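Subject: Structure handover

Hello,

Here is the structure I promised to pass on. My notes on it follow below.

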Amino acid sequence: MQLYNTLSAKERAELIEKAGKDRLTLSFYQYAKITNPQEFRDQLFITWNSLDVLGRIYVAQEGINGQLSLPADRFNEFKTHLDTIDFLKGIRLNIAIEQDNMSFLKLKVKVRNKIVADGLNDDAFDVTNKGVHVDAEKFNELIEDDNTVLVDMRNHYESEIGHFKNAVTPDVDTFRESLDIIEDDLKDHKEDKNLVMYCTGGIRCEKASAYFKHKGFKNVFQLEGGIIEYTRQVKDKDLENKFMGQNFVFDERRAERISDDVIAQCHQCGDAFDVHTNCANDACHLLFIQCDKCKEEMNNCCSTTCKEIHALPYEEQKALRKGQGNSNDIFKKGRADHLPYKKDLRNIFESFKK
Ligand SMILES: [Zn+2]
Ligand SMILES: [Zn+2]
């Protein structure tokens with residue numbers, strides 16, 4: 001029985017092309033007690049592989065977190081399968097706003113310790129004591145309230161290309177980092193302010209809201225279904241859209257455009273631009289924002305050094321990399337001293353404090 005992905009991304013892309021069928025990209029998560037994640041994982045893989053599902057799914061004892069795509073005409077079968085699983089019955093699926101048949105090219109179902117790497121010790125607080133879930137309409141109301149502090153629970157490279165108007169956007173690399181910063185900056189307002197938070201699909205706020213309640217915040221709210229579900233509701237119910245720019249996503253699409261505002265800059269020349277790229281140098285792969293003009297000039301590289309290395313014959317590049325190992329640095333996201341226009345978001349709370 002096949003339990004793991006066997007096709008390369010290239011082979012898969014060719015198959016999708018050949019099939020010529022529209023695929024649907026979606027995401028969902030659920031916190032639930034899964035006693036045997038490995039067994040659950042294997043069953044999922046077998047069923048979903050037969051439905052031609054592709055994506056990245058994490059299974060842990062605490063639940064499941066999935067981002068995936070499948071042929072649109074098999075959606076009902078997929079939904080029927082979900083409904084056979086107790087804790088996934090009737091679950092809300094976040095359907096992507098911008099569809100792309102190539103959003104995922106492999107099916108990877110992984111067993112992890114946690115479904116989000118949140119760095120938290122869950123035993124230290126009650127994770128089920130969550131904040132109030134609000135829909136788009138209520139969210140719009142809440143964030144107009146002078147008594148509200150709106151916080152973006154995502155990382156710097158996500159909020160840089162798009163966020164809600166007036167949101168505080170912590171300049172952090174990890175979720176864990178942002179928790180302390182937010183708590184510290186709002187320590188005098190735990191009881192009098194509304195702490196309203198949001199993230200991509202809602203999953204990070206599930207933990208964050210419980211964490212902040214545990215830390216003594218009295219009025220904690222979270223945007224249900226995150227930016228993805230918000231956008232769907234805004235379109236559906238013809239509400240005012242208060243999100244500016246692009247919603248960063250973790251698949252081949254990298255982002256979906258929510259409004260025409262371009263709130264970011266090319267990290268190399270400073271022109272208004274909001275599309276991320278990875279440095280073409282295999283030893284770098286830095287995620288950064290690069291406009292079309294700079295892309296051409298720099299051959300899709302983040303620095304002249306990377307450009308020179310990228311121009312070398314492949315064997316020479318390989319020899320250069322030898323023995324260097326992959327340090328975590330090379331996957332740093334947009335943090336590099338040689339990018340003059342990378343926005344520093346560190347002082348974000350200052351305006352609020354005044
Ligand atoms: Zn540029
Ligand atoms: Zn580079």
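The second largest pocket holds about 580 Å³ of space. This is a predicted model: local features need pLDDT of at least 70, side-chain atom pairs count only at pLDDT 80 or more, and totals for chains, interfaces and linings use all residues. Residues are numbered from 1 along each chain as its sequence is written, chains are lettered from A and ligands numbered from 1 in the order in which they are written, and side-chain values use heavy atoms, with hydrogens and water left out.

A pocket here is an open set of points on a 1 Å grid over the protein atoms alone, where a 1.4 Å probe fits, with protein on both sides within 12 Å along at least five of seven lines. Lining residues have an atom within 4 Å of a point. Points are joined across faces, edges and corners, and the volume is the space filled by probe spheres set on them.

The lining of the second largest pocket has 24 residues, and those closest to the centre are Gln30, Tyr31, Ala32, Glu62 and Lys130. Two elements give two or more residues each: β1 (23-31) and α7 (203-214). Strands (E, at least two residues) and helices (H or I, at least four) are DSSP runs, numbered from the N terminus. β1 has the largest share of the lining, with four residues. By type, the lining has seven nonpolar, seven polar and ten charged residues. Nonpolar covers Ala, Val, Leu, Ile, Met, Phe, Trp, Tyr, Cys and Pro; charged covers Asp, Glu, Lys and Arg; the others, Gly among them, are polar.

Where does this pocket lie? Domain 1 (9-111) and domain 2 (122-239) both give residues to the lining, so the pocket lies between them. The protein also has domain 3 (264-354). The bounds come from an automatic or database domain assignment. The centres of domain 1 and domain 2, taken over C-alpha atoms, are 26 Å apart. Nine residues from domain 1 and twelve from domain 2 make the contact, meaning heavy atoms within 4.5 Å.

β1 also belongs to a sheet. This open sheet has five strands in the order β4-β1-β3-β2-β5, with mixed pairing. β4 (94-95) and β5 (107-111) are at the edges with a single partner strand each, so one side of each has no neighbour in the sheet. Two strands pair if DSSP finds at least two bridges between them. β1 and β3 (residues 63-71) run antiparallel, joined by nine bridges. Arg23 is opposite Pro71 in β3.

Next, β11 (residues 243-248). Six of its six residues are buried, that is, under 20% relative accessible area with a 1.4 Å probe, protein chains only; exposed is over 50%, and partly exposed is in between. β11 pairs antiparallel with β8 (residues 162-164) over three bridges, and His163 faces Met244 in β11. β11 also pairs antiparallel with β12 (residues 255-257), again over three bridges. There, Gln246 is opposite Arg257 in β12. β11 and β12 form a hairpin with six residues between them, and Arg254 in the turn has a positive phi of about 70°.

Most residues other than glycine have a negative phi. His285 has a positive phi, near 60°. His285 sits in the loop between β13 (276-278) and β14 (287-289), and is partly exposed at 26% relative accessible area. Asn299 has a positive phi near 55°. Its loop runs between α9 (292-298) and α10 (304-311).

Best wishes
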